[in-house]
Amino acid sequence: MAPTFKLQCHFILICLMALRGESRYLEVSDYPVDPSHLPVLREAVDYDPFLLFSANLKRELPGEQLYRRAMRCLDMLSLQGQFTFTADRPQLHCAAFFIAEPEEFITIHYELVSIDCESGDFLKVFDGWILKGEKFPSSQDHPLPMTERYIDFCESGLSRRSIRSSQNVAMIFFRVHEPGNGFTLTIKTDPNLFPCNVISQTPNGRFTLVVPHKHRNCSFSIIYPVVIKISDLTLGHLNGLQLKKSSAGCVGIGDFVELLGGTGLDPSKMMPLADLCYPFHGPAQMKIGCDNTVLRMVSSGKHVNRVTFEYRQLEPYELENPNGNSIQEFCLSTL
């Protein structure tokens, strides 16, 4: 795995592993930041980082009471419930990442907030994820402008008591100076009939992405090197399959799917590896040895576009011993 990616996304990788009961060493340098909103967030924990993942995470089951637990300064949550953060000392650089199933929205509801905005405390919700200055979804693919993706409690108060994400990921970042102050949030999920931008919780899976007569771009992100197999693609025109070199590929056609690979979180900063410009039935498989793999559908809004694909994480020996035709410009890929 590239060293740059370890610095940028290792926190997310570790958290996703923790959701499946595994653990790895946590390496954290900088934290999510937008220069127009707050200074760079840096390492804030002075305790063993493994403590971030020591609690047993669980999903709320039908018939059970609402799940409740304390929120940590650095946290990752994949479940519905009520979460309370209470500062035991000044906590200046905190963030919590939320991830739901691909077909779900996330709603963050303020139950109680006790922070001192005038003394420099803040509590901000971001619609998506941001890490090391890279955002998902990218500004090109999100339906809202960047200024509207930030909801600042110190500016809006309880006038916006509930905030719903536009996809299956969201996050908060916060600062609390006074011990005893904090907040309580309730996290719930709602069905998303046409999920557009998704981060996969797991390195293996199967998904169908549908864009129904909407002029928008939708990305499915897998933060692992993977083999991805596209079994069905429905578009509104007929063209060809091209591996991207220096040509424009499918750009300008209006409706197509592209495969991207990179070392960060933002699809707009990743390298296009292949374009699929025509509808087909039957497997088209690609091995992508990048740290992050994205399938991105570009839709003109004139058609109902649909793509079905499955993916699995590459084994170490597959990364060490590639075979087939390689794309060497950016990272290991074979078609």
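The torsion about the S-S bond of Cys117 and Cys154 is about -85°, so this disulfide is left-handed. Its sulfur atoms lie 2.0 Å apart. A disulfide here is a pair of cysteine sulfur atoms within 2.5 Å. Cys117 sits in the loop between β7 (104-114) and β8 (122-126), and Cys154 in helix α3 (residues 153-156), so the link ties together parts that are 37 residues apart in sequence. Helices (H or I, at least four residues) and strands (E, at least two) are DSSP runs, numbered from the N terminus. Cys117 is partly exposed, at 31% relative accessible area. Cys154 is partly exposed too, with 31%. The classes are buried under 20% relative accessible area, exposed over 50%, and partly exposed in between (1.4 Å probe, protein chains only).

The model is predicted: local features need pLDDT of at least 70, side-chain atom pairs count only at pLDDT 80 or more, and totals for chains, interfaces and linings use all residues. Residues are numbered from 1 along each chain as its sequence is written, and side-chain values use heavy atoms, with hydrogens and water left out.

By the sulfur rule, the count comes to 3 disulfides. One of them joins Cys73 and Cys94, with sulfur atoms 2.1 Å apart. The angle about its S-S bond is -95°, and the link is left-handed. Cys73 lies in the loop between β3 (68-70) and β4, while Cys94 belongs to strand β6, so parts 21 residues apart in sequence are tied together. Cys73 is buried at 4% relative accessibility. Cys94 is buried as well, at 1%.

Cys196 and Cys218 form another disulfide, S to S 2.0 Å. This link is left-handed, with -100° about the S-S bond. Cys196 is in the loop between β14 (182-191) and β15 (198-199), and Cys218 is in strand β17 (residues 217-222), so the pair connects parts that are 22 residues apart in sequence. Cys196 counts as buried at 4% relative accessibility, and Cys218 counts as buried at 2%.

Now the sheet. It is open, has 5 strands in the order β4-β6-β13-β8-β11, and its pairing is mixed. Strands pair if DSSP finds at least two bridges between them. β4 (74-77) and β11 (150-152) stand at the edges with a single partner strand each, so one side of each lacks a neighbour in the sheet. Neighbouring strands are turned by 15° against each other on average, direction ignored. Axes are lines fitted to C-alpha atoms, for helices over the stretch in contact, and angles run from 0 to 180 degrees between N-to-C directions.

Inside the sheet, β6 (residues 91-99) and β13 (residues 169-176) run antiparallel, joined by 7 bridges. Gln91 stands opposite Val176 in β13. Strand β6 also holds Cys94.
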